Amino acid sequence: LSLHDALPICGYDGSLKFNETWISSDEGVTWTLANGSSGWLRREALSATILSDNTIILAGGSDGPKFNDTWKSTDKGYTWSLQNATPGWINRSEFKMVTLADDSILLLGGAVGGSSTDQNDTWRSTDKGVIWTRVNASSGWISRDSHEAVTMPDNSVIIFGGTN
């Protein structure tokens, strides 16, 4: 596979979208193409998180239309498998996912398009993104996308920034 073979096609809005996976084993000094076509459709504004067993969970994003699929890699992104094509939450991009101490995943807010562009809901998966349960339809913070989120050592979750 040459670098030229890995180049993306233009997305829905004319910009380049990617579905490749790159890996660095030396703290970002050098990068190697792990997978030139990871299985999931080319997209931007997706979210990913990592579990304690080094499983990577990737979800959502956009290529014009928004996605709500969930994918898993157990080998640093070399291969990917579909966890759920329709997990229950509305197709979205620009949301955040965080991992809690028990390896459950929280999905927070994001842009869904249409008349109500942003969400302030919270969803949780306890099985690596296969099944999602809505924890809260309105989490108390203003609906937003493009925000950031972190999990603290005491298992509290902090969100900050973003746009509405």
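Student: Which residues make up the largest nonpolar core?
Tutor: In this predicted model, the largest nonpolar core has ten residues: Leu51, Ile57, Ala59, Trp89, Phe95, Met97, Ile105, Leu107, Trp123 and Trp132. Strands β4 and β8 each supply at least two residues of this core.

Student: What makes a set of residues a nonpolar core?
Tutor: Two conditions must hold: the nonpolar residues are buried, and they are joined through side-chain atoms within 4.5 Å. The ten residues, Ala59 and Trp89 among them, form such a set. As general background, nonpolar side chains in soluble globular proteins tend to be buried together.

Student: What does alanine 59 touch?
Tutor: Leaving out residues up to four places away in sequence, alanine 59 touches Leu46, Ser47, Asp69, Thr70, Trp89, Phe95 and Met97. Another core, of six residues, lies apart from the largest one, and Val98, Leu100, Leu108 and Trp141 are among its residues.

Student: Why is serine 125 called buried?
Tutor: Buried means under 20% relative accessible area. Serine 125 has 0% relative accessibility, so it counts as buried. Its place is in strand β9.

Student: How do you know what serine 125 touches?
Tutor: A contact needs heavy atoms within 4.5 Å. Beyond residues up to four places away in sequence, serine 125 touches Ser104, Ile105, Val130, Ile131 and Trp132. Ile105 and Trp132 also belong to the largest nonpolar core.

Student: What makes the pairing of serine 125 with glycine 129 a polar contact?
Tutor: The cut-off for a pair of N or O atoms is 3.5 Å. A polar atom of the serine 125 side chain lies 2.8 Å from the backbone nitrogen of glycine 129, so the distance falls within that limit. For the backbone oxygen of isoleucine 131, the distance to a polar atom of that side chain is 3.0 Å, again within 3.5 Å.

Student: Why is the pair of lysine 17 and glutamate 44 called a salt bridge?
Tutor: The rule asks for a side-chain nitrogen of Lys or Arg within 4 Å of a carboxyl oxygen of Asp or Glu. Lysine 17 and glutamate 44 meet at 3.8 Å, N to O, so they qualify. The pair links distant parts of the chain, 27 residues apart: lysine 17 is in the segment before β1, and glutamate 44 is in the loop between β2 and β3. Lys17 and Glu44 are also linked with Asp63 in a network of salt bridges.

Student: Are lysine 17 and glutamate 44 buried or partly exposed?
Tutor: The limits are under 20% for buried and over 50% for exposed, with partly exposed in between. Lysine 17 is buried at 1%, whereas glutamate 44 is partly exposed at 36%.

Student: How do you know that lysine 128 and aspartate 53 meet in a salt bridge?
Tutor: Their distance is 2.7 Å, N to O, and the limit is 4 Å. The two are 75 residues apart, with lysine 128 in the loop between β9 and β10 and aspartate 53 in the loop between β3 and β4. Lysine 128, at 28%, is partly exposed, and aspartate 53, at 41%, counts as partly exposed too.

Student: What do aspartate 102 and arginine 124 form with their side chains?
Tutor: They meet in a salt bridge at 2.7 Å, N to O. Aspartate 102 lies in the loop between β7 and β8 and arginine 124 in strand β9, so the pair ties together parts that are 22 residues apart in sequence. By the salt-bridge rule, the count comes to six.

Student: What makes Val150, Met152, Ile158 and Phe160 a patch?
Tutor: Patch residues need over 30% relative accessible area and no salt bridge, and nonpolar side chains are joined within 5 Å. Isoleucine 158 lies in strand β12. Together the four residues of this nonpolar surface patch have about 300 Å² of accessible area.

Student: How many helices and strands does the chain have?
Tutor: The chain has zero helices and twelve strands. Of its 164 residues, 41% count as buried. The chain exposes about 8,600 Å², and carbon and sulfur atoms supply 54% of that area.

Notes
Residues are numbered from 1 along each chain as its sequence is written. This is a predicted model: local features need pLDDT of at least 70, side-chain atom pairs count only at pLDDT 80 or more; totals for chains, interfaces and linings use all residues. Side-chain values use heavy atoms; hydrogens and water are left out. Patches are made of residues with over 30% relative accessible area and no salt bridge: like charges are joined within 9 Å, nonpolar side chains (Val, Leu, Ile, Met, Phe, Trp, Tyr) within 5 Å. Accessible areas come from the Shrake-Rupley method with a 1.4 Å probe; for residues, only the protein chains shown count as cover. Helices (H or I, at least four residues) and strands (E, at least two) are DSSP runs, numbered from the N terminus. Buried means under 20% relative accessible area, exposed over 50%, partly exposed in between (1.4 Å probe, protein chains only). A polar contact is a pair of N or O atoms within 3.5 Å; within protein, one must be able to donate a hydrogen and the other to accept it, and residues adjacent in sequence count only if both atoms are side-chain atoms.
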